[in-house]
Amino acid sequence: MSASASAGVAGVARAGVGVAGGGGRPVGRVACVAVINHNNAPLFLKVFKDAAGSLPRQTDDVVRMQMHEVVYNSLDVVEERLVALRAQSARDNDGFLGCLAVVGPMSLYGFVTNTHLKFIIALRSSGPHDYKDSTVKALFRKLHAAVIGAFLNPFTLPDAPIVSAGFEARVDEIARRFG
């Protein structure tokens with residue numbers, strides 16, 4: 001992770017811009033949703049409460065910062081997978097990067113759009129094979145559609161954090177239906 005990306009994470013976490021809290025209704029299987037631009041700058045990151053209605057062990061702020069770190073560490077794996085995908089035919093590339101890593105009780109999955117927008121989703125699991133690829137791909141398609149909807153707003157800047165109550169509500173709904 002570059003120094004600017006690391007500084008961006010800290011700045012976003014301090015300012016609260018583009019970072020959605022975990023204070024909503026419990027979701028279940030979705031632990032985190034992150035949208036990162038082509039320069040690895042955060043556009044949106046939301047940590048979801050577990051089915052019991054709480055974030056694990058530490059305070060909400062500590063958990064959010066830990067999730068930031070986990071997401072940004074997974075970007076190294078995203079870059080490795082992108083190099084491998086470039087070697088394949090463009091017809092075979094649907095953007096799905098599969099399971100990037102298993103971190104504690106979470107499996108991190110990745111997706112990259114043609115415009116190099118990156119999606120990282122952390123799902124609560126006991127291993128990398130708890131979810132079918134088709135199920136996770138469907139989740140990414142819905143999130144991608146929500147991001148497109150947010151960018152269709154003429155007041156949303158392409159590389160600025162997504163700060164929209166409507167977008168956050170859509171992400172909440174997608175996560176709730178998945179979990």
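In what order do the elements of the chain run from the N terminus on? The order is α-β-β-β-α-β-β-β-α-α. The model is predicted. Its secondary structure comes to 4 helices and 6 strands. The chain has 179 residues, and buried residues make up 43% of them. Its accessible surface comes to about 9200 Å². Carbon and sulfur atoms account for 55% of that surface. Contacts were also examined by sequence separation. Among those between residues at least 6 apart in sequence, 58% join residues at least 24 apart.

The interior was considered next. In soluble globular proteins, nonpolar side chains tend to be buried together. Here the largest nonpolar core has 28 residues. Tyr109, Phe119, Leu123, Phe140, Leu143 and Phe167 have the most contacts inside this core. At least two core residues come from each of β2 (30-36), β3 (42-47), β4 (96-103), β5 (106-112), β6 (118-124), α3 (133-151) and α4 (165-178). Helix α3 gives the largest share, 7 residues. Phe167 illustrates the contacts involved. Leaving aside residues up to four places away in sequence, Phe167 touches Phe44, Ala146, Val147, Ala150 and Ile162. Another core, of 22 residues, lies apart from the largest one. Its members include Tyr72, Val112, Ile120 and Ala122.

Strand β6 pairs with two other strands. It is mostly covered, with 6 of its 7 residues buried. Strands β2 and β6 run antiparallel and are joined by 6 bridges. Strands β5 and β6 also run antiparallel, joined by 7 bridges. Phe119 of β6 takes part in both pairings: it is the bridge partner of Val35 and of Phe111. Phe119 is also among the residues with the most contacts inside the largest core. The hairpin of β5 and β6 has 5 residues between the strands. In this hairpin, His116 takes a positive phi near 65°.

Gly95 lies in the loop between α2 (60-87) and β4. Its relative accessible area is 4%, under the 20% cut-off, so Gly95 counts as buried. What does Gly95 touch, not counting residues up to four places away in sequence? The contacts are Gly110, Phe111 and Val112. Phe111 is the residue that bridges to Phe119 in β6, and Val112 belongs to the core of 22 residues. Gly95 and Lys118 are 23 residues apart in sequence. Their C-alpha atoms are 9.2 Å apart in space.

Side chains of opposite charge can pair when their charged atoms come close. A search of the whole structure finds 7 salt bridges. One of them joins Glu79 and Lys118, at 4.0 Å from N to O. Glu79 lies in helix α2 and Lys118 in strand β6, so this pair ties together parts that are 39 residues apart in sequence. Lys118 is buried, with a relative accessible area of 3%. Glu79, at 32%, counts as partly exposed.

Two further salt bridges lie within helices. Arg64 pairs with Asp61, and their closest N and O atoms are 3.2 Å apart. Both residues lie in helix α2, 3 residues apart, about one turn of the helix. In helix α4, Arg176 forms a salt bridge with Glu173. The closest N and O atoms of this pair are 2.6 Å apart. Arg176 and Glu173 are 3 residues apart, again about one turn of the helix. Arg176 is partly exposed, with a relative accessible area of 35%.

Salt bridges that share partners also join Lys46, Glu168 and Asp172 into one network. Lys46 is found in strand β3. At 2% relative accessibility, Lys46 counts as buried. Its side chain makes a polar contact with the side chain of Asp172, at 2.4 Å.

Conventions
Residues numbered from 1 in each chain as written. Predicted model: local features only at pLDDT ≥ 70, side-chain atom pairs only at ≥ 80, totals over all residues. Heavy atoms only, no water. Core = buried A, V, L, I, M, F, W, Y, C linked by side-chain atoms within 4.5 Å. Buried < 20%, exposed > 50% of the residue type's maximum accessible area, 1.4 Å probe, protein only. Contact = heavy atoms within 4.5 Å. Areas by Shrake-Rupley, 256 points an atom, 1.4 Å probe, with all protein chains shown as cover. Pairing = 2+ DSSP bridges. Polar contact = N/O pair within 3.5 Å; in protein donor to acceptor, adjacent residues only side chain to side chain. Salt bridge = Lys/Arg side-chain N within 4 Å of Asp/Glu carboxyl O.
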